[in-house]
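Subject: Structure handover, with notes on pockets

Hello,

Here is the structure for your files. My notes on its pockets follow below.

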Amino acid sequence: MSLMLVAQTAQLPFWAWITEPLTLEFMRNALIAGAIAGVICPAIGCFLIVQRMSLLGDVMTHTVMPGMAIAFFWRIDVAIGAFVSGLGSAFLIALLRSQTRVKVDAAMALTSSSFFAIGILLISILKIKIDLHGFLFGDILSVTQTDINRAAMIAVIVLTAIAIFYKQLLFYTFDRIGAQALGLPINLIYLGLMAGVTLTIIASMQTMGVVLVVSLLVGPAITAYLLVKELHQMIFVGAGVGLLASEIGLYASYYLNLPSGPAIVVMVLLLFALALIFSPSQGLLLPRLRKH
């Protein structure tokens, strides 16, 4: 079916390739939601990359499951359940890290697998009717105007918070001990950062799925890391890469009849590969050519 669709559209002019999906409401919704996710995921993910906490993004995508299952059962907004569950897991990891001898990587691994398993068990025990495939890997057909409004609101909150508290976040990111010595509330900054990660996951899960959001959190950020040196530049370049990957991935999912989440992830990987090869300062090709 997808090959026939490609064959039929191969003769279309370039502009028609761009405009045809826009005639469908679900694609317009998905492209808007994907654009929002493509911007805010790298914006918050850059702080995780620089702090070497990218695994925490993967952890948070799994720990929203119990809260979402309970929210479905109680028929309340799933975003509320996901936020409470994700923030609770971040608090648990911080508690294990500070109050016990458990190392942070072990605490994250245990929390991630445990919360995810509890979420699956709750879905089974409470007999919740949920499309697990779409929930885990994304479904562009399920993106509604309500999802777009929620994602836009979250984007405004997250990006505004980053802009207002950028100096504090910058200091905390590069010198946590120094920030604590100057009296900055590092525990509050940590919880605020985790709240931003959780909200970002909520804004992106309809298009990407909770399992694949981590790719959009990390992939564009490390792509930008290969291209620029300053954190603020990294945020802007990462947001641009995430936006490009999301939109091209969604177009690919439409024309090739692919799941939206995996299509975006593959595009993120391709853009990272291009940066890895052709980066002027850290690439595999250009720096070696200069040496020769």
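A pocket here is an open set of points on a 1 Å grid over the protein atoms alone, where a 1.4 Å probe fits, with protein on both sides within 12 Å along at least five of seven lines; lining residues have an atom within 4 Å of a point. Points are joined across faces, edges and corners, and a volume is the space filled by probe spheres set on them.

The model is predicted: local features need pLDDT of at least 70, side-chain atom pairs count only at pLDDT 80 or more, and totals for chains, interfaces and linings use all residues. Numbering starts from 1 along each chain as its sequence is written, and side-chain values use heavy atoms, without hydrogens and water.

Second largest pocket: its volume is about 360 Å³. Its lining has 17 residues, with Ala 161, Phe 165, Leu 169, Gly 192 and Leu 193 nearest the centre. The largest share, seven residues, belongs to α12 (helices are DSSP runs of H or I, at least four residues, numbered from the N terminus). By type, the lining has 14 nonpolar residues, three polar and no charged (Ala, Val, Leu, Ile, Met, Phe, Trp, Tyr, Cys and Pro count as nonpolar, Asp, Glu, Lys and Arg as charged, the others, Gly among them, as polar).

Largest pocket: the volume is about 450 Å³. Of its 20 lining residues, Met 53, Arg 97, Tyr 172, Arg 176 and Tyr 190 are the closest to the centre. Here α6 (78-99) gives the largest share, seven residues. The lining divides into 12 nonpolar, five polar and three charged residues.

Regards

Key
Helix = DSSP H or I, 4+ residues; strand = E, 2+ residues; numbered from the N terminus.
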